[in-house]
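Colleague: Please take a close look at the charged side-chain pairs in this model. Tell me which residues pair up and how exposed they are.

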Amino acid sequence: MAHLRLTNSLVSPLPNKLVPFSSQSIILHHPLFFAKPKPLIRFTRRTGLPLVLAAVGQAEPNRLPQTHVPQVITEEEDDLPSKSQHQGSQLKNRVVFGLGIGISAGGVVLAGGWIFATALAAAVFIGAREYFELVRSHGMTEGMTPPPRYVSRVCSVICALMPLFVMYRGHVDVSVTSAAFVLAIALLLQRGSPRFAQLSSAIFGLFYCGYLPSFWVKLRCGLAAPALNTRIGATWPILLGGQAHWTVGLVATLITISSVIAADTFAFLGGKAFGRTPLTSISPKKTWEGTIIGFCGCIVTSVVLSKIFSWPISLLSAIALGVLNFFGSVFGDLTESMIKRDAGVKDSGTLIPGHGGVLDRADSYVFTGALAYNLIKTFLPLYGERKKNMFLNHPDDTIAPSVCVNLGWFFPLRD
């Protein structure tokens, strides 16, 4: 029987067994071909043509040519170095500018008075401008009619004047009522057809960007009773105000701001480490695990600082202050996230590198100032001080009545 030469080194006799492969082809097999890689002989029938003999050779693996296979790099893998560099730069900016803002804010809070009110008014003006830009964004205008630009500018100016008005007059209720009335008149007398959405968004802007932040002035500068139990005040330089500089308002402001920072920091770290369950669809990155850890961190910070500043004296008062600060922080953050979600933007602005806008940085503080002030004024007698400790460092009877008159509290003096 004749043999077919398939390669130069591999010769195979014609097989003696036919195994059908399909209706169009059959493959010839030989028992010797099962030991090693085997050549195949395939007969293929084509329509209208005679039988064609096709020989297919299967080479041995060690005889395959060693060719270099290029590595395929996807676009995502190609962008990984640039993404990591961008994230590293963003984190650096966030840390640097965050520390700068923290140190500057601490100095402004310690200074108090008109310095504090003026700095707050500047931040309120920028935040109000960012708010009305969000209202005018494409995502908002699809479902509502934004207020005219001149109304937005006037509202921003009014919001900035509210903290200054509180510093000068001691209250803000009259200014808010008057501003809302003037705003309603301006919207009703505008050209075209006035819309209720214009009025509601503008009034909420006055409330959210002006009225609520003004409580920080009432908290820092309005609670002027001296925190006499604070040990830091006893060593505070006389040139900087001495012990009288450390008022209940200063201590309460420092505790409130520190508690909010602790809540945000612990919630972020806890969410990164243990976050599994989403908190709400408004902010998908927030988790229940991070929120619980932030809650505990906020209360612990409030209690620890109350021991350091010796105010408030009651542990229950310190815990209540921490709880209110936490919920004010969370819902302030979620409120701003809801506004940005409807506007279809990630950040309210680009003023602060690594942080976004002023609203992105201050959203957790919008409600906390009002909550802390009302808690202290309503539920903490004598602003958290004890009567017998109030005049511990001032045994002279001439000092006690003056302090009582300033506080508006009249009670018999006894040990």
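Modeller: E133 is partly exposed, with a relative accessible area of 38%. (Buried means under 20% relative accessible area, exposed over 50%, partly exposed in between, with a 1.4 Å probe and protein chains only.) This is a predicted model, where local features need pLDDT of at least 70, side-chain atom pairs count only at pLDDT 80 or more, and totals for chains, interfaces and linings use all residues. Residues are numbered from 1 along each chain as its sequence is written, and side-chain values use heavy atoms, leaving out hydrogens and water.

E133 forms a salt bridge with R129, at 3.9 Å from N to O. A salt bridge here is a side-chain nitrogen of Lys or Arg within 4 Å of a carboxyl oxygen of Asp or Glu. R129 is partly exposed too, at 23%. Both sit in helix α2 (residues 113-135), 4 residues apart, so about one helical turn separates them. Helices are DSSP runs of H or I, at least four residues, numbered from the N terminus.

The whole structure has 5 salt bridges. Another joins D333 to K286, with the closest N and O atoms 2.9 Å apart. This pair links distant parts of the chain, 47 residues apart. D333 lies in helix α11 (residues 315-343), K286 in the loop between α9 (248-274) and α10 (288-309). D333 is buried at 15%; K286 is partly exposed at 23%.

Helix α11 also holds E336 and K340, 4 residues apart. Their side chains meet in a salt bridge at 3.5 Å, N to O. E336 is buried at 1%, and K340 is buried at 12%. Elsewhere, salt bridges with shared partners join R129, E133 and R149 into one network.

Conventions. Helix = DSSP H or I, 4+ residues; strand = E, 2+ residues; numbered from the N terminus.
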